Amino acid sequence: TSATGIDVTGEVSASQDYPNFRPTLDFNFAAERKLDPRITYSRTGSASFVNEFGKIVLVGDNAPRFDHDPVTRESKGLLIEESRTNIAPYSTDISQYTAVNATKIANDAVAPDGTTTAARMIHGGSGTSYFDHINNSINAAGAGSYTYSVWLKAPDDQPDGYYGCQIAVLHSTGGNVEPTVSLNSTWTRYTVTKTFGASDPGKLRVHIVMFRSAPGNSYGGKIIPSYVWAWGAQIEQGAFATSYIPTAGATRGMENVTITDSDFTDFYNPLESTAVCEFDTSYWKAYNNNKYERIFSFGNHNTETDTFEVFKQNTSNSETRYRVRTANSNVLGAANYSYGTNTTPKVAFALKLNDAAVTIDGGTPGGTSDTGIPMPTVTKLSLGNSGLENNGGVHTLTGYIRRFMYYPVKLPDSQVVTLTS
């Protein structure tokens, strides 16, 4: 200080406005990797996730999945996905596919799940060599989008990215979507998608592994190896790959993550609320599903007459929507709010009678000009889905809930900004 005031050298940081009490819910899925006992989790069918060691872990019905980045091993949070079916006839033992100018050795290497079930797929020595599958039950014409995915590993005598091969989705006689994939000496999952039009003839076909030239030759900017290891073939209807479904022909049901009954009424205040959620948008950024995928929803069993919720703007991969709905009509929103390029945004929705505020990543709150907002009557919290449990996946999040908090008051705008910054 000085006689005339305060002298400052360097930066001055302003204090941030945080609540001085704890939320009644605080689910830090990314950090804790477990479910609170108040949460009911359901999912039918076998499924998988990547653990903290980068290993594929296979699980059965109703086992929640806390996924990790396979390269950095970062914890990504609670994985929630729509239902998918793996229609590949051979998934773990890829050696059973038809070889054309090629040979194969089953159970030749340790697979991404730690079992010795990976197959060596060996080039025939000259020309084009591939492993083939034609699904005679699926007509290509107008079939929509199908995605093929597989884990591949190259010989370790060269740096990563030196070798390459091809994978493809096509119809019986051609129309290939066939990228050249850059191979690594560690297991890497690769995907390819084809959208079949009305003029695509024949049946759905997949080249499981393909070498477009002789070993040692360059093709697509990569050197063709004499063999690769392969594991975990998955063919699924949809425009992107979902997590591995370990049993050929098996269906992984969609997740329902809810709090209901007394567990709900114990934490929820029907007069005012603030929900804060950190989620992951990497699937949206990559594939931009044309769906209203829910991040969280306060609602009721199998109806949307009363709700307040935040969800994906269906046609945009950089915006969410928020709304309050009572008596089957929107009384706030649905309005859009951008999260830009952030892949792990934080959103807050604060609400009480005739007063609301929504913000993402500390942005200027939206919804504040609406003053005629009745409180919805709700009995359930859903994470990654709407109150409509049997929605066929149209509301199901494809992604991760990293953290969810709930305060039984409408926090001031300054605090929802701070909590999401």
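Two strands count as paired if DSSP finds at least two bridges between them. Strands are DSSP runs of E with at least two residues, numbered from the N terminus. In strand 16, Thr 195 is the bridge partner of Ser 145. This is a predicted model, in which local features need pLDDT of at least 70, side-chain atom pairs count only at pLDDT 80 or more, and totals for chains, interfaces and linings use all residues. Residues are numbered from 1 along each chain as its sequence is written, and side-chain values use heavy atoms, with hydrogens and water left out.

- Strand 12 (residues 144-153) pairs with strand 16 over 9 bridges, in the antiparallel sense.

- A second topic is the open sheet of 7 strands, ordered 2-22-30-24-25-26-27 with antiparallel pairing.
- Its edge strands, strand 2 (40-42) and strand 27 (329-338), each pair on one side only.
- Neighbouring strands here are turned by 20 degrees against each other on average, direction ignored.
- Strand 22 (residues 256-260) and strand 30 (residues 380-383) share 4 bridges in the antiparallel sense.
- Val 257 has Leu 383 of strand 30 as its bridge partner.

**Cysteines**
- The disulfide count is 0 (a disulfide is a pair of cysteine sulfur atoms within 2.5 Å).
- Cys 165 is buried, at 0% relative accessibility (buried means under 20% relative accessible area, with a 1.4 Å probe and protein chains only).
- Cys 277 is buried too, at 0%.

Definitions and conventions: Buried means under 20% relative accessible area, exposed over 50%, partly exposed in between (1.4 Å probe, protein chains only). Axes are lines fitted to C-alpha atoms, for helices over the stretch in contact, and angles run from 0 to 180 degrees between N-to-C directions.
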